[in-house]
Amino acid sequence: MTAHALIRYFAFLLLLLGSAGPGGAAPPDWSQEWPRTDFSKASVPLDEIVSGGPPKDGIPAIDKPEFTGIKGNHGLSPREPVISVRIGREARAYPLRILIWHEIVNDTVDGTPIAVTFCPRCDSAVVFDRRVDGRILSFGTTGKLRNSDLVMYDRQTESWWPQFLGEAFVGELTGKQMPLVPSRVESVERFAERFPYGSVLVAPKGSGRAYGTNPYAGYDRAAKPFLYHGRYDDRIPPLARVVVVGDQAWTFELLMKRRKIEAGDLVLTWEPGQSSPLDATTIDAGRDIGNVVVQRRTASGLEDAVYDVSFAFAFRAFHPKAPIRAE
């Protein structure tokens, strides 16, 4: 590793408010930090969960999001990526320049309580319906990782949830699944074309964070994932992007080459015009990785499907036996 890379690596660790060894914190220490979490209930081995550096809520979720009109002065360049959600009469865009620093937004769109989540270590953007068993949950960050993925917690029971799947794996709600909400990661320009009446999340005031910069510069070109201790023996590079629909995946490279893939009732398309959030030191300068859309054929036409674009290692960690289609 070059001196420049070492400096950037340690700066990255400091940015995350600390460093962590491979074993993470021991469960007894977690019980002191998390007295409300029922560690007797867990669906995964606790030693698979490690500290990512920050303490509980060290990466603060956004609980009172504020928005401006997409046609207003939102300060985003046309190719910048946003997580877009349309529910009923409302359409909202959540810029990754903000989510990369907060990872969770607790919001309500047209009466539906949602959690908009982004894990930069997995490049995974997933939106959940926060209603579980008749109550509305709100989420924060534990500071822990499993398979390098963000581990969230709900403030009602302090159960722990993996961002990649949305099924609680530690605590009172272990085994409970949050419903998934269709969303896209697309350029702000494409969002504005689709929803000229839409709104876009604005950065919280007074947070002191350098919105628009990428604290993970060069990460999507790295050879290894950050704080990942699982096995990975797939022929596809671990930080290659894949398009994920449930337990199915296609390489980003294949979709870019074909531009359109049809699989059963699914239609996957790719078009250029979106910056990678994990490439350059500023997000708007990231290389063009394009826009992916996944839709499902229904009796009434094409409808947006629930999908994600993430790194191959994360898909393989959570779906160890599922194939990744590369040709």
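Trainee: How do you know that strand β18 and strand β19 pair, and in which sense?

Mentor: First, a caution: this is a predicted model, in which local features need pLDDT of at least 70, side-chain atom pairs count only at pLDDT 80 or more, and totals for chains, interfaces and linings use all residues. Residues are numbered from 1 along each chain as its sequence is written, and side-chain values use heavy atoms, with hydrogens and water left out. Now the strands, which are DSSP runs of E with at least two residues, numbered from the N terminus. Two strands pair if DSSP finds at least two bridges between them. β18 (residues 266-271) and β19 (residues 291-298) have 6 bridges, in the antiparallel sense. The cut-off is at least two, so they pair. One landmark is L266, whose bridge partner in β19 is R296.

Trainee: What joins β19 to β20?

Mentor: A hairpin, through 2 residues. β20 covers residues 301-304 and runs antiparallel to β19, with 4 bridges. Within it, L302 stands opposite R297.

Trainee: How many bridges join β16 to β22, and in which sense do they run?

Mentor: 2 bridges, and the strands run parallel. The rule asks for at least two, so β16 and β22 still count as paired. β22 is residues 324-325. Its R325 stands opposite W250. On the other partner, β16 (residues 248-251) pairs with β15 (residues 241-245) in the antiparallel sense over 4 bridges. There, V242 faces T251 in β16. β15 and β16 form a hairpin with 2 residues between them, and G246 in the turn has a positive phi of about 60°.

Trainee: R241 is in β15. Why is R241 called buried?

Mentor: Buried means under 20% relative accessible area, exposed over 50%, and partly exposed in between, with a 1.4 Å probe and protein chains only. R241 has 7% relative accessibility, so it is buried.

Trainee: Which side chain makes a polar contact with the side chain of R241?

Mentor: That of D220, at 3.2 Å. A polar contact is a pair of N or O atoms within 3.5 Å; within protein, one must be able to donate a hydrogen and the other to accept it, and residues adjacent in sequence count only if both atoms are side-chain atoms. The distance of 3.2 Å is within 3.5 Å, so the label holds. Contact alone asks for heavy atoms within 4.5 Å. Beyond four places in sequence, the contacts of R241 include D123, D220, R287, S310 and F311. R241 and F311 are 70 residues apart along the chain, yet their C-alpha atoms are separated by 4.5 Å.

Trainee: What makes S310 buried?

Mentor: Its relative accessibility is 0%, so S310 counts as buried. S310 lies in strand β21 (residues 308-311). Among the residues S310 touches are C122, D123, S124 and R241.

Trainee: Why is the pair of F311 and F313 called stacked?

Mentor: Rings of Phe, Tyr and Trp (its six-membered ring) pair if their centres lie within 6.5 Å; planes under 30 degrees apart count as stacked, over 60 as edge-to-face and the rest as tilted. F311 and F313 are 6.4 Å centre to centre, with 25° between the planes. The distance is within 6.5 Å and the angle is under 30 degrees, so the pair is stacked. F311 is buried because its relative accessibility is 0%. F313 is buried on the value 0% too.

Trainee: How many aromatic pairs does the rule give?

Mentor: 14. One of them joins W30 and F39, 6.0 Å centre to centre with 35° between the planes. That angle lies between the two cut-offs, so the pair is tilted. W30 and F39 are buried. Ring pairs link W30, W34, F39, Y153 and W160 into a cluster.

Trainee: Which charged end sits over the ring of W34?

Mentor: That of K56, 4.6 Å from the ring centre. The rule wants NZ of Lys or CZ of Arg within 6 Å of the centre and within 35 degrees of the ring normal. The charged end of R92 sits over the ring of F67 in this way, at 4.5 Å.
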